[in-house]
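Subject: Structure handover

Hello,

Here is the structure for your files. My notes follow below it.

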Protein chains: 2
Amino acid sequence: MNNFTYYVPVRIHFGKGEISKLHDEITSIGKNVLLVYGGGSIKRIGVYDQVIEQLKDCNVFELGGVDPNPRLKSVEDGALICKENHIDVVLAVGGGSSIDCAKAICAAAYYDGNPWDFIVDSSLIKKALPLVSVLTLSATGSEMDNTAVITNPQTKDKRGFGSRHLFPKVSILDPTYTYSVSKYQTASGVADIMSHTFETYFNDTKDAYLSNEIAISILKTCIKYGKVVYDEPDNYEARANLMWASSLAINGLISCGCGKSWSCHPMEHVLSAYYDVTHGAGLAMLTPKWMTYILDDSTVDKFAEYGIEVWGIDASLPPMEIAKTAIANTEAFFHSLDLPSTFEEIGIPDTSTLEEMAQMAVDSKGGTIKGYRKLEFQDVVNIYHMCQGK
Amino acid sequence: MNNFTYYVPVRIHFGKGEISKLHDEITSIGKNVLLVYGGGSIKRIGVYDQVIEQLKDCNVFELGGVDPNPRLKSVEDGALICKENHIDVVLAVGGGSSIDCAKAICAAAYYDGNPWDFIVDSSLIKKALPLVSVLTLSATGSEMDNTAVITNPQTKDKRGFGSRHLFPKVSILDPTYTYSVSKYQTASGVADIMSHTFETYFNDTKDAYLSNEIAISILKTCIKYGKVVYDEPDNYEARANLMWASSLAINGLISCGCGKSWSCHPMEHVLSAYYDVTHGAGLAMLTPKWMTYILDDSTVDKFAEYGIEVWGIDASLPPMEIAKTAIANTEAFFHSLDLPSTFEEIGIPDTSTLEEMAQMAVDSKGGTIKGYRKLEFQDVVNIYHMCQGK
């Protein structure tokens, strides 16, 4: 079990109607609020009105229209509003995109240069505005961690960054706010939560048993409820368990003692940056290919454990058979949620950029993706090729 | 899934050698330190010297000799030192007793009356000194929560209390510090961790699936490693997993969405207050009796789930048979750690105080213990009677 530091100072208010706590939480910080959100969905489902009601004692400035893969421009726009209006607190209402964008704005409000500087080198973040979030999509876990992902469309670069200054002070998680999320976005969210868990669960540390078991608990939660929410969007139990799973999958809990070994995320971020594909859908496509690609004698025991513990496969079968069945089950599960498994299905029109994207994926990690198994340029090319569905 | 607030703003530094972070953590708060500890064990194992080395830039005041069931007198003594010496930060080094005592001191430093007032009514705690802890015993979880238990020997009252002001700012968890803990204290610690988990796991909420699964993970961790540490005190993997389990069992994580329903703790606190028995040992004695006492048609499914998920009992057996086997396994597990199962074994000399203790147990909870199953005075008497080993 490796040494670790665990620190998650986010106050979570979870459950139906918890928006009623927003007023006191915000006004205990300040009066001048920048409200950050995405498209019109928060207005359509009534969350916007509930938030505005809670902010009736505040001076509210707005930055709407944040993209699903939030762009540098939104960060710059938000920072300008903060600087010009003495914003006390940034309130993100939405999914991970809005919260990620708001995190970057919180840092940019105290940064004088181009925000892309600190996205590339997060040590430049010395201070940030306080952030509060109201979550409307279970996926990225941004509501309970200190990281964000921002896209620079000009350079086709999509980067993750983090800082101890970027934890939300408070996040309000009302599962009913996710009832109206489309089937595709819901399913993509489930794939994202599972991917965050896989990126930690698949590691070579043998002795972080408790963290490993908690990761298994999250994976079982996604599998138990993934199809339920797909079929019954208003199922509170399913929405609630998935929402809580989204937060716990990536706040550091399951990497205590074993670290993280991200593989699929860097390969996916490039797809999103090039083709604006939905992040979770990209992960659902890539993950089973990555699993298949790295399955060998050195990884078979871990995949067999995954098959037995998560999928309940008969432990008396040969490990390689269990492993292959587990990977097939993973792919079939994503398929049952109508998630894509090929470039064609996900809307990537051709593969002319494939090698360029592979290069960018490894470059984003310093030349090699040091995941559960090291991935060089050619490995990424090979995994992308597997997505051509031949 | 019930609404909940989850907030654990404790920075955990976990692993061998993490004491090296103490200097910076303490001095970032202040120079005047009250060091709180128990008997001589921290000197014997060298932790005291390591701590003093880290505090070389500080003015250190000491309160040693905190009892295993920390007493009101220690709290008063500590508060006096804080008030007279402008203490900036209280540093507890030890197990739950030292940390609990330190929490009460942190609150008492800002309280003008008798500390017992706020132990009975924690709303009186408006402010507290910052607390840092260095853990040397895996058991109570006090290192990562905001509660404490203090004994008033004059009234034979042992009370738990909590406040949002009482989270440690930082806790340092080095599993090697627990290598020299005696077999009896180690085993009692395992029983305490399991009891904290049982007191949450056994509830009537059906839909908090993820929290339930995480509770199961903690129980499996205790069972997997309990006998290992008993036989191999220097086993790092086992000590580390149990230490982390102790923190996660009671910091609110597993009660998210299902709440707590404490039953055995109030029954045990009275035993400790009357006879100074080791808390975890008392819990190990009481728990299987309590389980047996409340097992009926309304609880059998939960106990069967416990048997299948935690003990791996064949799910095709009749639920009542699974439940009874699970309870028997629990008792056998505690027995394998040489924990007591009767009043005689635990050192309670006679049962003349039995009804008096039962009355105090229910009185401490307002007349009824509202646990997984409600326990009235007579129920507690009956459960105590089961500990007579007849």
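In which loop is A:D338 found? A:D338 is in the loop between α13 (319-336) and α14 (343-346) of chain A, where helices (H or I, at least four residues) and strands (E, at least two) are DSSP runs numbered from the N terminus.

Before the rest, the conventions. This is a predicted model, in which local features need pLDDT of at least 70 and side-chain atom pairs count only at pLDDT 80 or more, while totals for chains, interfaces and linings use all residues. Residues are numbered from 1 along each chain as its sequence is written, and chains are lettered from A and ligands numbered from 1 in the order in which they are written.

A:D338 has a positive phi near 55°, in a residue other than glycine. With 13 C-beta neighbours inside 10 Å, A:D338 counts as partly exposed. The cut-offs are as follows: a residue is buried if 20 or more other C-beta atoms lie within 10 Å of its own, exposed if 12 or fewer, and partly exposed in between, with C-beta atoms placed from the backbone. In chain B, B:D338 is found in the loop between α13 (319-336) and α14 (343-346). Its phi is also positive, near 60°, and B:D338 is partly exposed, with 13 other C-beta atoms within 10 Å.

Chain A against chain B

The contact takes 33 residues from chain A and 33 residues from chain B, two residues being in contact if their C-beta atoms, placed from the backbone, lie within 7 Å. On the chain B side, β1 (4-14), α8 (209-231) and α9 (236-248) each supply at least two residues, and β1(B) gives the most, with 10 residues. By class, this side has 16 nonpolar, nine polar and eight charged residues. Here Ala, Val, Leu, Ile, Met, Phe, Trp, Tyr, Cys and Pro count as nonpolar, Asp, Glu, Lys and Arg as charged, and the others, Gly among them, as polar. Since 100% of the interface residues of chain B are also interface residues in chain A, the copies meet through the same surface.

Strand β1 (residues 4-14) of chain A and β1(B) pair in the antiparallel sense over seven bridges; strands pair if DSSP finds at least two bridges between them. The bridge partner of A:Y6 in β1(B) is B:I12.

Domains of chain A

Chain A is divided into domain 1 (11-177) and domain 2 (182-386), with bounds from an automatic or database domain assignment. Their C-alpha centres lie 26 Å apart. In the contact between them, 20 residues of domain 1 of chain A meet 26 residues of domain 2 of chain A. On the domain 1 side, β1, β6 (147-152) and β7 (157-162) of chain A each supply at least two residues, the largest share being the three residues from β7(A). This side has nine nonpolar, five polar and six charged residues.

β6(A) and β7(A) run antiparallel and are joined by six bridges. A:T151 stands opposite A:K158 in β7(A). The hairpin of these two strands has four residues between them, and there A:K156 takes a positive phi near 50°.

Helix α10 of chain B

Helix α10 (residues 264-275) of chain B has 12 residues and reaches 16 Å from its first C-alpha to its last, close to the 16 Å expected at 1.5 Å a residue, the expected span being 1.5 Å times one less than the number of residues. α10(B) is mostly covered, with 10 of its 12 residues buried. One of them is B:H265, which has 25 C-beta neighbours inside 10 Å. Not counting residues up to four places away in sequence, B:H265 touches B:S195 and B:E199. Just after α10(B), B:D276 takes a positive phi of about 55°.

Regards
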